[in-house]
Amino acid sequence: MNAPDTIAFELDGRAVEAAPGESILLAARRAGVDIPHLCYTDGLRADGNCRACVVEIDGERVLAPSCCRAPKPGMKVQSASQRARASQRMVLELLRADVPVEAEKADSELAYWCDQLGVGESRFAPREQPAADSSHPGIAVNLAACIQCNRCLRACREIQVNDVIGYAHRGAESKIVFDLDVGMGTSTCVGCGECVQACPTGALAPAVAKPVQAPAPATYTPTRQIDSLCPYCGVGCQVTYHVAGEGASQKIVFAEGRDGPANAGRLCVKGRYGFSYSRNRERLTVPLIRKPGIPKGVNLDPANPLAAFREASWEEALDFAAGGLARIKREHGPQALAGFGSAKGSNEEAYLFQKLVRTGFGTHNVDHCTRLCHASSVAALLEGIGSGAVSNPVRDVEFADLAIVIGANPSANHPVAASFIKNAAERGMKLVMMDPRQTPLARHAWRVMQFRPDADVALLLSMACVIIEEGLIDADFIARRTEGFDAFREAALQYPPERMATITGIAADTVREVARAYAKGPNSIIFWGMGVSQHTHGTDNARCLIALALMTGQIGRPGTGLHPLRGQNNVQGASDAGLIPMMLPDYQKVADPEVRARFEALWGQPLPTEPGLTVVEIMDAACEGRIHGMYIEGENPAMSDPDLGHAREGLANLEHLVVQDIFLTETAMLADVVLPASSLYEKAGSFTNTDRLVQLARPVLPLPGEARQDWWVIQEMAKRLGLAWDYAGPHEVFAELAQAMPSYAGITWAALEGEGAVVAPKVAVDQPSQPVLFQADFPTATGRGRFVPATPLPAAELPDSEFPMVLITGRVLEHWHTGSMTRRADVLDALDPVPWCGMHPADLARLGVASGGRVVLETRRGHIELEARADEGVQPGSVFMAFCYVEAAANLLTQPALDPFGKIPEFKYCALRVGVPVGA
């Protein structure tokens with residue numbers, strides 16, 4: 001018998017309908033009846049512990065908590081009877097007794113409900129008030145305002161699954177604790193702020209709100225809320241920013257997660273507390289031109305890096321910037337110019353920038369940071385399945401029976417995505433972690449495969465071998481929808497797990513167990529990060545992952561597929577929009593005459609026939625004197641490129657360097673002219689997240705000083721290079737972008753403004769989006785997925801007696817990319833203020849260095865000194881460090897060897913030696 005669509009019951013004397021599984025509280029809300037409640041909030045499991053929401057049900061002697069009671073057909077409920085109201089008021093009065101007036105936020109939920117029900121000063125004696133805790137730079141803890149509703153606990157344990165907050169002791173001694181009752185600042189709190197967003201009283205609040213001081217300073221009192229996006233990773237969280245002040249003094253006071261498709265109201269520490277960089281005192285607010293005779297160098301005067309520049313008007317700076325590039329084009333030809341666009345800017349900015357380089361410079365020498373993160377993934381995906389984007393959104397993990405996370409640390413790099421993976425694991429999904437380093441997500445894993453560095457291809461081929469040997473392939477899927485399997489099969493069978501165990505360090509039984517589980521699913525999904533892509537064999541790594549999905553048919557359905565986690569907030573959109581030297585927008589090949597003809601007709605300009613140079617190739621050409629001028633928008637290659645000494649030499653060697661950015665970055669210090677740009681908080685534009693979700697950012701703050709919108713600056717440069725551009729704003733740029741890109745053709749600016757988010761591809765306005773791709777075929781020439789054989793090859797640089805260890809680079813939770821933004825965000829820099837590396841305790845003991853002591857890391861390219869921390873997740877013989885610290889730049893050490901297909905550098909593996917500083 002089918003369950004009824006709705007349940008009819010009576011509420012306060014009138015007929016009401018509830019959806020199946022809906023509580024009385026929620027059904028009442030939909031009917032326009034708001035029942036008092038404190039321990040319940042949307043998104044959290046109903047707990048029923050505060051009893052502020054009790055209602056009277058006919059025939060029952062005991063009042064019932066409406067938040068966790070489901071209505072039954074014909075049930076008669078009274079939410080405001082004399083008995084229910086008396087109990088609700090008593091609960092609120094008892095709770096108010098425990099919250100001193102000076103601790104209670106005026107806009108707290110407790111204050112609201114007390115006001116609604118006429119509950120004034122409590123008649124009851126208060127409990128002993130705990131001391132405030134200000135040990136965390138982002139979260140103010142004032143448990144005097146705590147009513148022990150446990151919303152913070154459920155948010156921490158059940159939403160973010162961080163397990164930091166607990167409820168300890170008994171009776172009158174009961175209280176909220178962090179870990180084993182330590183200060184918030186010394187606990188294992190990751191600063192996601194989910195507890196702050198959940199707290200109904202201000203017991204946990206943004207530190208800037210200063211809840212223990214009454215009244216709060218006026219500058220901390222928000223006056224309006226603006227919905228926009230997070231500026232950091234590729235998850236694409238929607239955020240509500242609370243803004244205070246007027247005019248130029250406006251500032252963001254705090255941020256809250258919105259219920260966006262990608263984040264469901266969740267944020268991480270960067271999204272929650274990383275906004276203050278936009279008003280950092282180092283923010284560029286006026287154009288700068290290098291003074292005559294000042295040589296180019298990084299940090300010529302660390303105390304005053306601006307000393308090398310003089311201020312200029314926009315007219316002078318733009319004329320100087322464009323004039324220098326035009327002169328180089330005349331004297332040396334178009335191929336002497338190059339441009340780096342930005343994955344931090346909008347789709348419209350990326351589209352304009354690549355169009356400027358191609359039509360204004362006359363070259364395809366345009367690239368961006370995807371070359372340094374997922375270029376090999378994109379190369380393999382385009383080759384194997386005809387699309388460089390993810391097949392399924394992150395939240396499809398909800399439908400997966402097994403998920404592989406390989407070469408990625410989502411807990412640090414994509415924490416909100418990690419929370420959904422943890423939720424799935426809590427529900428019983430099998431999580432497999434595969435990485436040379438054991439990261440925090442491993443504690444939620446079914447199996448952890450901590451393979452030896454650089455053994456990725458060998459391990460993945462051994463899994464493929466098991467699936468083939470044991471007849472676990474989906475033969476029907478292979479026959480109907482793929483090609484090239486026989487050649488891959490022959491190659492994979494050469495690498496059984498028993499033979500590969502000495503290379504990978506993973507027992508054959510474990511490999512077989514995981515391979516079987518992945519193949520059998522029923523639904524299995526693969527996530528990967530730069531630990532897969534940033535190798536000289538990165539494309540082969542991705543080819544193997546694609547092969548695993550194709551041979552088992554684990555693609556084309558919810559809960560399956562391939563998802564390379566995108567590192568920057570718009571690296572997907574910037575790639576889609578054409579910031580790639582061999583691809584025009586929408587991955588249309590530069591070398592294809594028909595493609596070029598279409599773009600020449602759209603843009604009214606001839607296009608060069610040969611693909612351009614990639615990031616590292618451009619740096620090589622600059623060192624060799626073949627590239628004479630560059631325009632860099634929002635990128636920091638003087639920190640992000642491998643072998644930084646070489647990259648900085650190339651930048652300093654340029655005749656003319658134009659940098660457009662919000663800070664005087666290490667790259668801007670080498671510029672001839674610096675153009676002050678806009679942060680995400682000051683711009684309108686569309687951004688495409690890792691799920692292919694196109695979303696609008698809206699201005700939250702005014703531009704500081706004389707800073708300008710990036711799209712405007714690019715257009716002004718184009719005008720001075722002879723292009724007749726006259727876009728009125730990002731909406732007009734997007735309209736042209738949609739003409740150029742078939743996968744965005746069905747997306748309109750109006751739809752983005754109205755719906756807030758649209759999934760690409762959407763090929764026509766009247767056609768649906770495709771959150772799950774490849775359900776029927778692949779966008780390849782044949783419509784079939786393609787297997788490409790791979791072979792394990794040695795790294796470009798192996799450890800030896802001189803450099804016996806291995807360096808692995810990556811990111812840390814509190815900082816992002818080169819640190820130009822996060823290290824200028826007060827809370828984030830306070831949480832992680834100094835450079836450090838992670839080493840196994842045995843390696844530290846061998847060196848005679850305690851955790852927290854200092855070491856020197858040295859490769860064939862350079863050396864740095866920094867703090868070393870004991871980390872049992874790092875294998876003996878390896879060192880992990882992030883590349884965000886300018887004082888100890890990891891990329892001074894990394895090598896520039898390239899993957900031959902994706903042209904991505906080998907960031908994740910180079911030979912290293914570790915020493916102790918002289919005098920230590």
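A residue is called buried when its relative accessible area is under 20%. The model is predicted. At 5% relative accessibility, Cys 67 is therefore classed as buried.

**Cysteines**

A disulfide is a covalent bond between the sulfur atoms of two cysteines. The cut-off applied here is a sulfur pair within 2.5 Å, and by this rule the count is 0 disulfides. Two cysteines illustrate the distances involved.

| Cysteine | Closest cysteine sulfur | Distance |
|---|---|---|
| Cys 67 | Cys 53 | 3.9 Å |
| Cys 623 | Cys 910 | 19 Å |

For Cys 67, the sulfur of Cys 53 at 3.9 Å is too far away for a bond. The sulfur of Cys 623 is likewise too far from that of Cys 910, at 19 Å.

**The sheet β28-β29-β30**

Strands of a sheet pair through backbone hydrogen bonds, either parallel or antiparallel. Here 3 strands make up an open sheet, ordered β28-β29-β30, with antiparallel pairing. The edges are held by β28 (685–688) and β30 (757–759); each has a single partner strand, so one side of each has no neighbour in the sheet. On average, neighbouring strands of this sheet are turned by 25° against each other, direction ignored.

Strand β29 covers residues 693–697 and pairs with β30 in the antiparallel sense over 3 bridges. Gln 695 has Ala 757 of β30 as its bridge partner.

Which helix lies across β28 and β29? Helix α8, residues 347–361, does, and it runs at about 90° to β28.

Methods
Residues numbered from 1 in each chain as written. Predicted model: local features only at pLDDT ≥ 70, side-chain atom pairs only at ≥ 80, totals over all residues. Heavy atoms only, no water. Buried < 20%, exposed > 50% of the residue type's maximum accessible area, 1.4 Å probe, protein only. Pairing = 2+ DSSP bridges. Helix = DSSP H or I, 4+ residues; strand = E, 2+ residues; numbered from the N terminus. Axes fitted to C-alpha atoms, helices over the stretch in contact; angles between N-to-C directions. Contact = heavy atoms within 4.5 Å.
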